[in-house]
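Dear colleague,

Please find below the structure that I am handing over to you.

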Amino acid sequence: MGMVETTLGRVAAGDEQAFARFYDLTSSVVFGVALRVLGNQAMAEEVTQEVFVELWRIAPRYDRSKGSPQAWAATVAHRRAVDRVRSEQASRSRDAAERSKRRAAEEPGVDAVGDVVVTRIDQERVSAALDQLPEPQRVAVTMAYYGGHTYRQVADLLHEPEGTIKSRIRDGLTRLRQLMDGER
């Protein structure tokens with residue numbers, strides 16, 4: 001059992017000092033995933049805070065058979081960040097639709113929302129496809145592409161051999177491409 005896993009076990013028992021250590025050991029992964037998904041530092045900081053509140057609450061449910069504590073934290077961060085993106089998109093979509101209605105009444109034939117809608121649909125398709133990947137592939141791809149980590153960094157953070165991580169990322173990207181092509 002590794003140091004992070006031992007620390008998480010103490011967090012699950014309610015040890016606040018262990019939680020501070022767990023935060024130190026995993027916050028860069030959580031923030032990196034949130035920042036990559038959201039593309040906004042302030043929102044990523046908010047989501048990181050929300051993720052650690054959630055991790056504190058759900059620490060007793062951690063299952064080591066499903067991955068390392070870092071992978072688990074990255075998965076929670078990814079889900080929370082995607083939820084935030086979806087929430088923001090829904091809010092912007094409502095606002096854009098309202099503006100479009102007003103603009104259409106003023107300037108018939110103007111459809112500036114089209115490009116925004118296409119971009120949002122693409123983002124939602126990628127997110128839905130990511131959710132279909134097996135967790136080890138999803139975590140590795142998310143950390144590399146949304147977290148901005150190199151293969152070696154992902155391997156170090158997940159305590160896995162670099163070759164294993166390269167394979168997971170390659171296989172995950174291949175599967176993503178298949179899923180995305182299948183939707184068209």
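The notes below set out what was found in this structure.

This is a predicted model, in which local features need pLDDT of at least 70 and side-chain atom pairs count only at pLDDT 80 or more, while totals for chains, interfaces and linings use all residues. Residues are numbered from 1 along each chain as its sequence is written, and side-chain values use heavy atoms, with hydrogens and water left out.

Helices 1 and 2

Helix 1 spans residues 3–12 and helix 2 spans residues 16–38; helices are DSSP runs of H or I with at least four residues, numbered from the N terminus. Their axes come within 8 Å and cross at roughly 140° (axes are lines fitted to C-alpha atoms over the stretch in contact, and angles run from 0 to 180 degrees between N-to-C directions). The crossing of helix 1 and helix 2 is left-handed, that is, the near helix is turned anticlockwise from the far one by less than a right angle, whereas clockwise would be right-handed. In the contact (heavy atoms within 4.5 Å), helix 1 contributes Met-3, Val-4, Thr-7, Leu-8, Arg-10 and Val-11, and helix 2 contributes Ala-18, Phe-19, Arg-21, Phe-22, Leu-25 and Thr-26.

Helices 2 and 3

The axes of helix 2 and helix 3 come within 8 Å and also cross at roughly 140°, so this pair is oblique as well. Helix 2 passes helix 3 in a right-handed crossing. Among the residues that meet there are Val-30, Phe-31 and Ala-34 in helix 2 and Ala-44, Thr-48 and Val-51 in helix 3.

Thr-48

Thr-48 belongs to helix 3, residues 41–58. With a relative accessible area of 7%, Thr-48 is buried (under 20%; exposed is over 50% and partly exposed in between, with a 1.4 Å probe and protein chains only). A polar atom of its side chain lies 2.7 Å from the backbone oxygen of Ala-44. Beyond neighbours within four places in sequence, Thr-48 is in contact with Val-30, Phe-31 and Ala-34.

His-159

His-159 is found in the loop between helix 7 (151–158) and helix 8 (162–183). Most residues other than glycine have a negative phi. Phi of His-159, however, is positive, near 55°. His-159 is exposed, with a relative accessible area of 57%.

Yours sincerely

Notes: Helices (H or I, at least four residues) and strands (E, at least two) are DSSP runs, numbered from the N terminus. A polar contact is a pair of N or O atoms within 3.5 Å; within protein, one must be able to donate a hydrogen and the other to accept it, and residues adjacent in sequence count only if both atoms are side-chain atoms. Angles under 35 degrees count as roughly parallel, over 145 as roughly antiparallel, 65 to 115 as roughly perpendicular and the rest as oblique.
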